[in-house]
Number of protein chains: 4
Amino acid sequence: MIVAMQEKATEEQIDAVINVMEEAGVDVHRTTGEFQTILAGVGPTATLDLTKFEMLPGVLHVHRISAPYKLAGRAWRPEGTVVEFRTGAANNKAPGNKASIGGQQVAIIAGPCAVEDREQIFAIAESVKRAGGRFLRGGAYKPRSSPYSFQGLGIPGLELMREAADANGLCVVSEVMEIAQIEPMLPIVDCFQVGARNMQNFNLLRELGQVRKPILLKRGMAATIEELLLSSEYILSGGNYDVILCERGIRTYETSTRNTMDIAAIPVLKKLSHLPVVGDPSHGTGRRDMVPAMAKAAVAAGADALLIEIHPNADKAVSDAAQTLYLDQFEKLVAELRVLAEAVGRSL
Amino acid sequence: MIVAMQEKATEEQIDAVINVMEEAGVDVHRTTGEFQTILAGVGPTATLDLTKFEMLPGVLHVHRISAPYKLAGRAWRPEGTVVEFRTGAANNKAPGNKASIGGQQVAIIAGPCAVEDREQIFAIAESVKRAGGRFLRGGAYKPRSSPYSFQGLGIPGLELMREAADANGLCVVSEVMEIAQIEPMLPIVDCFQVGARNMQNFNLLRELGQVRKPILLKRGMAATIEELLLSSEYILSGGNYDVILCERGIRTYETSTRNTMDIAAIPVLKKLSHLPVVGDPSHGTGRRDMVPAMAKAAVAAGADALLIEIHPNADKAVSDAAQTLYLDQFEKLVAELRVLAEAVGRSL
Amino acid sequence: MIVAMQEKATEEQIDAVINVMEEAGVDVHRTTGEFQTILAGVGPTATLDLTKFEMLPGVLHVHRISAPYKLAGRAWRPEGTVVEFRTGAANNKAPGNKASIGGQQVAIIAGPCAVEDREQIFAIAESVKRAGGRFLRGGAYKPRSSPYSFQGLGIPGLELMREAADANGLCVVSEVMEIAQIEPMLPIVDCFQVGARNMQNFNLLRELGQVRKPILLKRGMAATIEELLLSSEYILSGGNYDVILCERGIRTYETSTRNTMDIAAIPVLKKLSHLPVVGDPSHGTGRRDMVPAMAKAAVAAGADALLIEIHPNADKAVSDAAQTLYLDQFEKLVAELRVLAEAVGRSL
Amino acid sequence: MIVAMQEKATEEQIDAVINVMEEAGVDVHRTTGEFQTILAGVGPTATLDLTKFEMLPGVLHVHRISAPYKLAGRAWRPEGTVVEFRTGAANNKAPGNKASIGGQQVAIIAGPCAVEDREQIFAIAESVKRAGGRFLRGGAYKPRSSPYSFQGLGIPGLELMREAADANGLCVVSEVMEIAQIEPMLPIVDCFQVGARNMQNFNLLRELGQVRKPILLKRGMAATIEELLLSSEYILSGGNYDVILCERGIRTYETSTRNTMDIAAIPVLKKLSHLPVVGDPSHGTGRRDMVPAMAKAAVAAGADALLIEIHPNADKAVSDAAQTLYLDQFEKLVAELRVLAEAVGRSL
């Protein structure tokens, strides 16, 4: 950490700051120039609340100079993490449902916003298989902003999804919204999704650190890249190293898309962290007509996977209809992405 | 709802849109001008996912023309809601610990970010009493963005706070972070706070709708005013009508304050809703030196209460030190606010 | 400046960075801790493009530790600047048209978005006088976002405003949009306003540094507080020390108000700079019904003046109608502000 | 336009609104449902200030239902605009310096932030030619946020750039910062760039509408897509139809990149407008290490051209050093983009 003192800081103020730093276990190096004194602190600053230094008398600025996360940092695993999937269904007999995210191949994760019925989810699973995707994602618990909207089928919805996935050799990804849902979901899903609204639900993250299935962690609507990495640290520090990060658009003043998809977050995350990164052009734009262009942009920028909302009757989907692709649109898009992936040195 | 068709929309497309609207139970009125057709829909549109209309062929724009919330709307209770407090502690013997938020008087809610020990919380409770405040707020469960930071004392911390409050005739406000905490907290606290990160934790909100103690609902860091009102609707629709809204700063590009306190949200919320509104200048600015000016601004703009972080040894507070006032600063500020409140037709 | 090196930075990389710093005339102090080397640089860093250091091999972060502005800084004039006004009209015979902004008294600057005709501007000037205000502001050149909107009356409009101001003992404030307008405006106005869209029109600012009349500089819609101060530095460094800063709302994701008025910018600017600060609740909210609450908030937070849009027939104003107060609303508001100003130790 | 009345609006209020609409030349269609009256207005609403309706008594919301721009709209030229370049230098003898932006081929526009000297600009021009690019872009007038920074070489810098361009068969693109610069620049440049800070400098835009050379119009740092199109309308309505739009990143709360490059703006603009769209990954990220990924993302999303900052000695560039590619990095990137362009059905 660096504490830059004001030009007019007194020796007394400087000593007081040094004392507080040393009390916190920090080793202090002082540099006094012509105008200003700078205190460089080395030690356990990652776990320190730096804001407390900002208000000490005579202090101008305080800067953190090391990243506040460790396990999520690229330095921890410079070669990058590849998350391997294995189905969690005890009764699983379907062959070939192993897959990975983070390697040379770009993965396709697709499905409906909400599981609605058997016919719907089977049609979707078959489309994912046809397209060459390996992950079926669908919502069973739906966090809706209005209390008057459809709230999801719950466990029966998950079981339908499991069946459809097994029949097509796919893995199941579904959102967990609270701690109590982990246990019933655990035998059914292959990967827990943490939604944007729960990115800083630290109790939930801590519990998921105890689970031994991969976690797909979505960036919060107004979260910084650093905050996303700090949230992943909660899971990693519990011993669950299979975390996948997801860029799904942030909130800005622009309203022509539902969110502003921060495509640059993909290469920035790949540089700062060893964890795989997924792009979600469906939530990232909120508009079906923009999904293909943004799916391509995400792959071109280095995404390890895409998360795409699809539905056989997209306009009648019970939620997020506007951003959902029809199955034929989806299959055509994946074919185009396959060509693109090769042009950037990946496969799909 | 209004559906504006594109200039080139065909009769077939218009009919298809009318069909989808009518299937959703909406009564449709068609207006065709020289260039464009407009479809006005009346009916159960509050519970409708309007985005599904946006992608129908030939549609230009879809607008919601009625607010998607009902119970939170000003029209529901034009005279405004006054939330009355009564202590929930079974063994409570302290006199005078009734209070209200939303009436003519501006309420003061103050306390530490985190309860640390008996000495700390008693010193604070005495200061709140001296200043004329009626609400002691402190954190027992702390949602920290780093897994390596202090996480709060839990129930023993709440019990300390209850004791300090009772000894000084104060009500207890504390944050609930998940459903499992409601039951143990219920006999101890007088008011549950829902933090910014949980504003859209709809399962938690729904449970709090079943509770019969007031809820202080903080605006999410990137939530719109409409989303805050929709979240309050979750609680109200469960039958808990004692909801207090809180403006605590939103995330913007400006970094000289930790958040940008949206003071205008106070009069906007007062206009749109009957619920009382609290201003939180501590989180709103993140800087102790800006708290007084912003506390005054909030009262001048019509806030029904202020939420202020205080600590006898603010620089050593275990969290949020930079934004925490010393007790003497707090008491001086409340004295100044008393004069100000009268200048805007309130008391304190 | 501080350069924090990466943990794995080599001695070679560190030496290379030191070289670049020294070439730039910076005196370097090196601190090497257990993990990391920190380079503190003292010297002409205010004029240095620090971004060039960020990309040097082995560099983790670069921080500026001194403010990049000097003349605008509070340290330059700790006692604060009071801008004194004198009318610029050669033929001015009206008595009493001296005034100031930045002292103990809160100034009222009011007028129409656009000067429309003699009757309108005289009615407004009389209202400003009745309310006790000293500044008449109106637009003669209108920067409209649509090329098809009304663009202003130009110099004849300014002359009408001068006449109305002289008849009522007021000073004239009007926006200058480009360098070529300075000369014709100079004999007519008492104060040049630089609009939000021109806050970083550095050529215009440089020219205004040569003028010897006060400049009211509005914060850009997406400008940081530091950028506003840097822009004021352009004017100050030309020798024109009479600069007044204006907070008029910034662009955020919230749409219930046209802009989000950053009330905290007022006390932050007062702390960082010696320049007077004006609040503009009209542009800050874009809504007539929110102007009174936000005008009060601005004064409570320490504003030295208010800029308010008024019109005798507000709903028919040719521009910005929604945010414009009727004259009676304005006069009532100023009466209320007078009481409020006293409650915060000011007069009006 | 649509005016949605409040549920409690009186007949008197409704009539008053209808009157104001009709006075503005709008043809009104009224729909009264069970709860609410809706007024649909058809007519010259593009040039109308709709905000004035928002504050009329009894009005709930006002919506614009047609785009406020016309000439920039896709409907004006459904086939899309291809901007053809021809060199403006009278003494130009170099062969092959014709090029286009907006067709099947993706164009490369590259150069230094600021022209520094002959050696620098010739080295850069040769690199652009080697890479297969056709546009040399460099700054002669530099809008710097600090008055103490390098401000550019002016016309001599442009002449150097012209010479280097002619020697390599390139077109010259350079930024115009004010009206007075148009005339001296006109004989030298092939394309005027309007920078982000001038996107709403409407006087400048209007003058550029009179010019008969292409204009590259950058999106403002906080401008919406609609505002960018309205600004282009200023130029188009003067008769200059050769406008190229540029996405260069918007300001958000995220700080890991200098701006947040809104890649989705590219396909959105392509859908709404017929004008070509350029992506600027240099300003879009502000970081050299992120330029390649974002250049690829822009092309994958449909950009018609890229604008890339390059310098033979990037770390010593006098401005924007951090975001500037070295020449070999640039040439390698263009080779990779060539493969990518083909994968999305373009050439380069």
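Biologist: Is A:Cys171 buried or exposed?
Modeller: A:Cys171 is buried, and its relative accessible area is 1%. Buried stands for under 20% relative accessible area, exposed for over 50%, and partly exposed for what lies in between, with a 1.4 Å probe and protein chains only. This is a predicted model, in which local features need pLDDT of at least 70 and side-chain atom pairs count only at pLDDT 80 or more, while totals for chains, interfaces and linings use all residues. Residues are numbered from 1 along each chain as its sequence is written, chains are lettered from A and ligands numbered from 1 in the order in which they are written, and side-chain values use heavy atoms, with hydrogens and water left out.

Biologist: How many disulfides are there over all chains?
Modeller: A search of the whole structure finds zero disulfides (pairs of cysteine sulfur atoms within 2.5 Å). For A:Cys171, the nearest cysteine sulfur belongs to A:Cys191 and is 8.8 Å away.

Biologist: New topic. How many cavities of 30 Å³ or more are there?
Modeller: The count comes to five cavities of 30 Å³ or more. A cavity is a set of points on a 1 Å grid over the protein atoms alone where a 1.4 Å probe fits but cannot get out, and its lining residues have an atom within 4 Å of a point.

Biologist: Where is D:Thr252 found, then?
Modeller: D:Thr252 is in the loop of chain D between β12 (243–247) and α8 (265–272). Helices (H or I, at least four residues) and strands (E, at least two) are DSSP runs, numbered from the N terminus. D:Thr252 is buried, at 10% relative accessible area.

Biologist: What does D:Thr252 touch?
Modeller: Leaving out residues up to four places away in sequence, D:Thr252 touches A:Ile250, A:Thr252, B:Tyr253 and D:Thr260. Contact means heavy atoms within 4.5 Å. The C-alpha atoms of D:Thr252 and D:Ala222 are separated by 8.5 Å, although these residues are 30 apart along the chain.

Biologist: What superposes chain C on chain D?
Modeller: A rotation of 180° with 0.0 Å of shift along its axis does, with an RMSD of 0.0 Å. That is the relation of a two-fold axis. In chain C, the C-alpha nearest this axis is that of C:Ala222, 2.8 Å from it. The copies are superposed by least squares on the C-alpha atoms of residues with pLDDT of at least 70 in both.

Biologist: Why do chains C and D meet through the same surface?
Modeller: The interface residues of chain C are 100% also interface residues in chain D, so the copies meet through the same surface.

Biologist: And what about chain B on chain A?
Modeller: A rotation of 180° with 0.0 Å of shift along its axis superposes chain B on chain A, at an RMSD of 0.0 Å. The C-alpha of B:Ala222 is the nearest to that axis in chain B, 2.9 Å from it. Of the contact residues of chain B, 100% recur in chain A.

Biologist: Which residues of helix α8 in chain B are buried?
Modeller: In α8 (residues 265–272) of chain B, B:Ala265, B:Ile266, B:Pro267, B:Val268 and B:Leu269 are buried. The buried residues of this helix pack against several elements of chain B, including α7 (225–236) and β13 (277–279), together with α10 (291–300) of chain C.

Biologist: Last one: what does the secondary structure of chain A come to?
Modeller: Chain A has 11 helices and 14 strands. Of its 348 residues, 68% count as buried. The C-alpha atoms of chain A fill a box of roughly 75 × 45 × 40 Å along the principal axes.

Definitions and conventions
On a 1 Å grid over the protein atoms alone, a cavity is a set of points where a 1.4 Å probe fits but cannot get out, and a pocket is an open set with protein on both sides within 12 Å along at least five of seven lines; lining residues have an atom within 4 Å of a point. Grid points are joined across faces, edges and corners, and a volume is the space filled by probe spheres set on the points.
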